[in-house]
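Biologist: I'd like to go through this one with you, question by question. Could you put the sequence and the structure up?

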Amino acid sequence: MQMEVSRRKFLQGSVALSVAGGSAITATNLFGSGDKAHGKLSITTKTGVGGDSQYVATLCEMCVNKCAAMARVEDGVITKLDPNPLFPKSKNMLCPRGNAGIQAVYDPDRLKSPMIRIGEKGKGQFKKVSWDEAYKYIEEKMTKILEEEKDNRSSFLFCAGEGMAEHTFKTFYQAFGSSNWLNHSSICLQTVASGYGVTIGAYPQADLENAKYVIMAGANRAEAIVTPDTMNLFKNTKGRGTKLICVDPRFTNTAAKADKWLAIKPGTDLAFVLALTYVVLSEELENKEYVKANFNGFEEYKEHVIGNKYTPQWAEKITGIKAETIIEIAREFMVNAPQSIYYPGRRSTFAKNDFQLRRAMAIFQGLGGGIDCKGGLVFGSKVKIKNHAALEPIYARAQSRAITKKADAKVGEAGYDDCAIVTGGGSWLDWRERFLTNKMPYKVRGMFCYKHNPMQNMPNTKKTAEMLKRLELVVVIDTMPSDTVMYADVVLPECTYLERTDPIKTFGGVEPSVAVRNKVIEPMYETKPVIEILRGLTNKISKPLFEISKKYDEDIQDEIKDSDEESVYKEFDITKPFAHDQEYLNKHAVEDYPGAYNELVKNGVFYPHKSTDFKQLSVNEHQYYKEKNKSYSVNGGRAKTHSNKVECNLINLSKKGVDPMPVWKDEYNYKVPKDKFRLLTGRHAQFTQSGTANNSMLRDLMMENYIWINKRVAIERGIKFGDTVEVSSKTGSTRIKAYPTEKIAPNQVFFIHGFGEESSELTWAYKNGGNDNAVIEDIIEPTYGAAAMHETNVEIRKV
Amino acid sequence: MARYGMVLDYKNCINCKACEVACKEENGVLLGADAHRIWVGVDEIKGEYPLLDIVSSTFMPSQCQHCDNAPCEEVCPTHATYYDDNGVVRVDIDKCILCSYCMNACPYDARYVDSRTMTVDKCNFCSDTRLSNGEVTTACQATCPTKVRIFGDLDDPDSEISEILRTREHFTLKPHLGTKPKLFYVM
């Protein structure tokens, strides 16, 4: 067999950049270093050929996966990150981002010292201050606001991105006593996690290692890497044990590795699943025994699906997938069940019907009995670790979450102005809208933002900018001068993940374990881990805040009368959660397991079965658990709902205005006006959202994002590869280079999220490529208020 | 003494490019897309949406083939390119005069110019960074998420690579040129 192998020709940079030594980074101005002025990049590639190398076990933070790595350190410089083969979750791999983590540490644009804004908001003009000055500034502004708001702690919003130290920051929010917490969930996996949660009792994992048949719809594991799913799946596809059906409007890398690719119309997956369900129910292909024992509301659901005539022929018109293909897939799925998986996925909400889509997927999975079993969806088990005590004082004056309940809501209607259900993570879009339209039940005036980039992470950037401008005190803790940092009043620089020890984390699954991120090198510049930042800050503000509460909080006043001030203060001393070092807390977390802490410090990973079960099987593969010790089934093959049954018909939901069973509505039909395009967005393996946009090594793989536009349409419009086009919607516009391809439908366009930064302090990311959130409309998913990201139609103009 | 080769289970490749970054970090390869020792070959897909030819978009990971009969070694006028004791095709940068004959001679386009040393650079199976320390692995093999690569000693009949070559169908690139590559693609 002969094959021509070409060097990559597409999406490659062409600029040869010079290299400075990794240790040669010195701060010469607030943001930058000497290298930056000349536009040079720094890479820290010592060869490791001589001298003393030390290895430190750490966990990656280039995306959410937390893969295990061994960091090589020479003369105090991190020179290489290698996979740590001891971790069952990431097995023995590091993706391109994991390898490029060194550049996150030695990025000359990093935030280096605390700063206070001196210029107009959003302009990024700051003065460098000491940590104490920054804390003092926060204290003054904060006490003024809380004084004026009469100790309503909820006048401060707290938000955080996902990460191992998110919990540390959340501890601060809880101790502070606000009710306003927003995290990534409403712009991430809220609807999928909740859809599976209410239907089968938990957001499950998928045992792709043992599945024989996988439908991967709206998930792209070849590009949006999830460990261990990505590694488990693609070694078995292409006729090697697992049949993979990829359902995606775009021809992704996952489609390239699939046995069959179905080009579905965006937002119509629900019709596809309902039709699969119709085939199974009408042909009675379901696992009858399983359904009888483990379903609630099956007969109603059957009647609903059959009665509404969700037939393959009906779905063909909506989805664009042929009826006979739908029939074939439904049959094949059931033949292979329970070793067949309709893959739940882990992504943001694309369409308004996403919650019901997830319900329909979970029920369809259940019809084959593939729940809590080998080769199906699994709940797995966890290695128990100890939590440490948090402080959750209750302040009498703190109001509840800033949401507006619908005053005249009747049974069967949504309970809130903007969505049906409000969860702990809240809804970012709803919250922002209420704030901007003055519909808040009380004033929210300040915001603490940790490892989160609202300017880049949610649709309609203009609105976020307006929100940040209107907030009186915005405190941002981050490692990079992100677009959000540009709108901060106070910037507190955190060290990167390779410069800190984070809380030990337990990773549940078929092969559960505990892993830790150990500090590899000391924090550079004046940066600190968030636990130390919060220690310093709470030391400054704890007493002054208590003084305000003393003035307004009747409960506290009564308590002081009954005892004495000192002992009452102890309950409100918010320095307590941060008093100890992370290492101390970690030791406590695993103290039930003799030797575990030392094992974690040395090797990064611990689980009780490791000493007996772990062994290397081949050059690349390891055994983590003996087969008999794996947690394929932890609940007797049943769902994890209260009833231990798959819930088809949720009457309680209908009281809140949510359909009790998944229903297709005409408004879900895919429609694009002539001469417009549906904008799709997504991820790939080389960048993680905006967080990696300035990474010089990753830019080496892809200099900027490109917009996919159908080749024939591009020819019609005279658009050639590399031409700049303007993409615009009601929300705004962005400019981006074109990539004409047949991998996308004629009335759709696509580009990767996370590019087109507006922060001029990001040397390489600044105005590099297109920003999807400048264009995506803030369309709200009705159940949880999640951001529906694939509902925007755009115009394209060659410029 | 060994004779090192590599098996590529190329159907596993998802074109994530972890190998490219690991290689650059491991070997101090300069930034810039022209400078790379390792790459994933991919062709633009054939067909018209939605009738696309899935097979036409196969990902082909590649790098220096470490030929037993290497044209680059043959043409080098200064003997800068040589076979080391492990059969790895390497470049002695002190001898390289950047005549670039080797770059033209290589049928696999595996060589490029390192603009720092102004010599020709290429994959060396991590000889200086790993093999010399007693490791029998390369950075690209170690990091690969889907485990495309298996590195090992072709002269050792008990090695995993030897076992795979005995038991699985495989091919080499451009065999008609008689270069005898030590990279084997398994089907």
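Predicted model: local features only at pLDDT ≥ 70, side-chain atom pairs only at ≥ 80, totals over all residues.

Biologist: Which residues does V214(A) touch?

Modeller: Touching here is contact, with C-beta atoms, placed from the backbone, within 7 Å. Leave out residues up to four places away in sequence, and V214(A) touches L208(A), L233(A), T242(A), L244(A), I245(A), I341(A) and Y343(A).

Biologist: Are α5(A) and α18(A) roughly parallel or roughly antiparallel?

Modeller: Helices (H or I, at least four residues) and strands (E, at least two) are DSSP runs numbered from the N terminus, and axes are lines fitted to C-alpha atoms, for helices over the stretch in contact, with angles from 0 to 180 degrees between N-to-C directions. Helix α5 (residues 166-176) of chain A packs on helix α18 (residues 530-552) of chain A at about 20°, axes 9 Å apart. Under 35 degrees is roughly parallel, over 145 roughly antiparallel, 65 to 115 roughly perpendicular and the rest oblique. The pair α5(A) and α18(A) is therefore roughly parallel.

Biologist: And which residues of α18(A) make that contact?

Modeller: From α5(A) come T168(A), F169(A) and F172(A). On the α18(A) side, the residues are V530(A), I531(A) and L534(A).

Biologist: Which element supplies the largest share of the side of chain B that touches chain A?

Modeller: In total, 54 residues of chain B are in contact with 61 residues of chain A. Elements giving at least two residues each to chain B's side include β2 (38-42), β5 (59-63) and α4 (139-143) of chain B. The largest share, eight residues, comes from α1(B).

Biologist: Why is α1(B) called largely enclosed?

Modeller: Among its buried residues are A18(B), E20(B), K24(B) and N27(B). Just after α1(B), G28(B) takes a positive phi of about 65°. The helix counts as largely enclosed by the rest of the structure because the tally of buried residues in α1(B) is 10 of the 10.

Biologist: Which residue of β31(A) is the bridge partner of F677(A)?

Modeller: Strands pair if DSSP finds at least two bridges between them. Strand β26 (residues 677-682) of chain A has five bridges to the parallel strand β30 (residues 748-752) of chain A, where R678(A) stands opposite Q748(A). Two bridges join β26(A) to the antiparallel strand β31 (residues 793-798) of chain A. There, the partner of F677(A) is V794(A).

Biologist: Over in chain B, which strands are at the edges of the four-strand sheet?

Modeller: The order of this open sheet is β10-β1-β12-β11 (chain B), with mixed pairing. Strand β1 (residues 4-8) of chain B runs antiparallel to β10(B), with five bridges, and Y4(B) stands opposite D153(B). Each edge strand pairs on one side only, and the edges are β10 and β11 (170-171) of chain B.

Biologist: Last one: is E44(B) buried or partly exposed?

Modeller: E44(B) sits in the loop between β2 and β3 of chain B. From E44(B) to S159(B) is 115 residues in sequence and 37 Å in space, C-alpha to C-alpha. E44(B) has 14 C-beta neighbours inside 10 Å, so the label is partly exposed.

Methods
Residues numbered from 1 in each chain as written. Chains lettered and ligands numbered in written order. Contact = placed C-beta atoms within 7 Å. Buried ≥ 20, exposed ≤ 12 C-beta atoms within 10 Å, placed from the backbone.
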